[in-house]
Amino acid sequence: MFFIDREDRLEIFPVPEENWFTPGEKIFVDAAPSRFGIISFSVESGERDIKFIFNDPPKYLPPDIMINIPFNASIIEGDDFIVKKQTSNSFVINGWQSVVRFKHSHNF
């Protein structure tokens with residue numbers, strides 16, 4: 001399962017697998033129905049960063065978006081979203097972003 005659409009939050013990777021983030025891996029979620037409308041995003045993993053690319057916004061913007069990563073990482077703040085909260089390896093942001101990037105030093 002790549003996302004859960006709760007009433008107050010879109011949760012991406014509720015139970016993330018470490019092997020999804022091996023450098024060179026790509027994940028595509030294309031035109032998936034949700035309570036907010038159609039969701040499309042992709043994730044690209046590099047040697048030192050992870051890039052979440054969000055396509056057209058859904059009909060209704062989620063109040064919060066939570067992104068879970070299975071290891072320690074830090075978010076690279078962007079202009080089109082606000083980091084509301086970070087707890088361990090979970091990041092809650094507000095706004096529909098075009099790209100969210102994370103730095104990591106995880107050894108695969």
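**View 1. E11 and R6 form a salt bridge**. Their closest N and O atoms are 3.1 Å apart. A salt bridge here is a side-chain nitrogen of Lys or Arg within 4 Å of a carboxyl oxygen of Asp or Glu. This is a predicted model, in which local features need pLDDT of at least 70, side-chain atom pairs count only at pLDDT 80 or more, and totals for chains, interfaces and linings use all residues. Residues are numbered from 1 along each chain as its sequence is written, and side-chain values use heavy atoms, with hydrogens and water left out. E11 is buried, with a relative accessible area of 9%. R6 is partly exposed at 38%. Buried means under 20% relative accessible area, exposed over 50%, and partly exposed in between (1.4 Å probe, protein chains only).

**View 2. R9 meets D64 in a salt bridge**. The N to O distance is 3.9 Å. R9 sits in strand β2, and D64 in the loop between β5 and β6, 55 residues apart. Strands (E, at least two residues) and helices (H or I, at least four) are DSSP runs, numbered from the N terminus. R9 is partly exposed, at 21% relative accessibility. D64 counts as buried, at 12%. K84 joins R9 and D64 in a network of salt bridges.

**View 3. R101 and D49 tie strand β10 to strand β5**. Their side chains form a salt bridge of 3.7 Å, N to O. The two parts are 52 residues apart in sequence. R101 is partly exposed, with a relative accessible area of 35%. D49 is also partly exposed, at 23%. The salt bridge count comes to four.

**View 4. F13 and F21 form an edge-to-face pair**. Eleven aromatic pairs are found in the whole structure. Rings of Phe, Tyr and Trp (its six-membered ring) pair if their centres lie within 6.5 Å; planes under 30 degrees apart count as stacked, over 60 as edge-to-face and the rest as tilted. The ring centres of F13 and F21 are 5.6 Å apart, and their planes stand at 90 degrees. F13 is buried at 0% relative accessibility. F21 is buried too, with a relative accessible area of 0%.

**View 5. F52 and F102 pair edge-to-face**. Their ring centres are 5.6 Å apart, with planes at 70 degrees. F52 lies in strand β5 and F102 in strand β10, 50 residues apart. Both are buried. F52 and F102 belong to one aromatic cluster, which includes F13, W20, F21 and W96.

**View 6. The largest nonpolar core has 28 residues**. A nonpolar core is a set of buried Ala, Val, Leu, Ile, Met, Phe, Trp, Tyr and Cys residues joined through side-chain atoms within 4.5 Å. I12, F52, I67, V100 and F102 have the most contacts inside it. Elements giving two or more residues to this core include β2 (9-12), β5 (49-54) and β10 (99-104). Beyond its neighbours within four places in sequence, F102 is in contact (heavy atoms within 4.5 Å) with residues including F52, I67 and F91.

**View 7. Five strands form an open antiparallel sheet**. The order is β3-β4-β5-β10-β7. Strands pair if DSSP finds at least two bridges between them. β3 and β7 are the edge strands, each pairing on one side only. Seven bridges join β3 to β4. I27 stands opposite V43 in β4.
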